[in-house]
Amino acid sequence: MKAAVMGAGSIGGYFGGMLARDGHEVTLIARGEHLDTIRRDGLRMQTEAGEFVVSCSATDDPAEVGSVDLVLLTTKTYHNADAVPAMAPMVGPDTAVLCLQNGIDSYQPLLDAFPDATVLPGAAYIEASRTGLGVVRQSGQVVRIVTGPVRGADPSHSQRATEICAAFRAAGVPAEASEDIAVTLWTKFLFIATMAGTTSLAREYINDLLPRPEWRKIIVGCMEEIERTGRAAGVDLAQGIVPDTLHYIEEGGAAMRSSMHADLMAGRPMELETLNGAVVRAGESAGVSTPINDVIYAALKPYAGGGPV
């Protein structure tokens, strides 16, 4: 399979690297010194299963790649305005585009830009970081991809999702195809948007907030708003999703970290529009009140583009 990764940072680097290690023809779209290092030394993968170096192509110009079988979109969502159009030379009528970004509607620009392609929303479950130039670190026991077609898509899209998942599994990445990817996206979204929004608002970690009754009330309320909004949008979320998610967070304890919180504290741009901003917009569309997310969004919006906290 010929594949390309738009955004070869931590997540994109890991999944692209695993496919390349299994013999697929993978090109990483990267920039600057990170790109130079991959070209010179290969991509160094530090994983729970061991450390190894993967040789694969890398470029900063998607036009050099040409049409491929699979494109992974793994950039931060605030880069989509530039990243999606830049992908065009790699996307043909037989290309599958797998969106592994945060959020419930991050794949929508792909549907608009590439109506003839197979656009597959997906959820990536992984703890990964870029620890240096040309170096990707995966830690923990959770590595998983879930993907599937959008509602109303051509039946062939389900088959493509199944084939892509099989390729990932053969490469050592657990992956499964879903016939209702909206449930998967919203389930992950409820967790991520709540943790990101509350920790960023408080400038503290979730394990420090939950023991305090006043913050526990806000955290649970944030989850309940997202659940009500999802159900109003027609998503068949699991019964007990809020207590189950709360239990998952408490079990994770100090290991739970929010990238949006880290970005805020470092003065980097944040995915606020993709997370709590998306809750506000979805609530307005579905006629559901989201006062906690309204406050989170309003309080953090001045910092969404980065800068001093």
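**Reading strands, burial and contacts in a predicted model**

Mentor: Let us begin with a pairing: strand β1 (residues 2-6) and strand β6 run parallel to each other and are joined by four bridges. Two strands pair if DSSP finds at least two bridges between them. Helices (H or I, at least four residues) and strands (E, at least two) are DSSP runs, numbered from the N terminus. This is a predicted model in which local features need pLDDT of at least 70 and side-chain atom pairs count only at pLDDT 80 or more, while totals for chains, interfaces and linings use all residues. Residues are numbered from 1 along each chain as its sequence is written, and side-chain values use heavy atoms, with hydrogens and water left out.

Trainee: Which residue in β6 is the bridge partner of valine 5?

Mentor: Leucine 72 is the partner of valine 5. On β6 there is a further pairing, with strand β7 (residues 96-99), again parallel and over four bridges. There, leucine 73 has cysteine 99 of β7 as its bridge partner.

Trainee: Are the residues on the faces of strand β6 buried or exposed?

Mentor: The general idea comes first: in a regular strand the side chains alternate between the two faces of the sheet. Buried means under 20% relative accessible area, exposed means over 50%, and partly exposed lies in between (1.4 Å probe, protein chains only). In β6 (residues 70-73), Leu70 and Leu72 on one side are buried, as are Val71 and Leu73 on the other, so that both faces are covered.

Trainee: How many helices and strands does the protein chain have?

Mentor: The chain has twelve helices and ten strands. The radius of gyration is taken over C-alpha atoms, and the globule rule is 2.2 Å times the number of residues to the power 0.38. For this chain the radius is 19 Å, close to the 19 Å that the rule gives for 309 residues, so the chain is as compact as a globular protein of that length. Along the principal axes, the C-alpha atoms fill a box of roughly 50 × 40 × 35 Å. Of the 309 residues, 53% count as buried.

Trainee: What percentage of the contacts between residues at least 6 apart in sequence join residues at least 24 apart?

Mentor: A contact means heavy atoms within 4.5 Å. Among those contacts in the protein chain, 69% join residues at least 24 apart.

Trainee: Why does histidine 157 count as buried?

Mentor: Histidine 157 counts as buried because its relative accessibility is 14%. This residue belongs to helix α5 (residues 156-170). Leaving out residues up to four places away in sequence, histidine 157 touches Ala117, Thr118, Val119, Leu120 and Pro149.

Trainee: Where is proline 174, and which residues is it in contact with?

Mentor: Proline 174 sits in the loop between α5 and β10 (175-177) and, with a relative accessible area of 41%, is partly exposed. Apart from neighbours within four places in sequence, proline 174 is in contact with Val143, Arg144, Ile145 and Arg169. Sequence separation and distance can be read together: proline 174 and alanine 193 are 19 residues apart in sequence and 24 Å apart in space, C-alpha to C-alpha.
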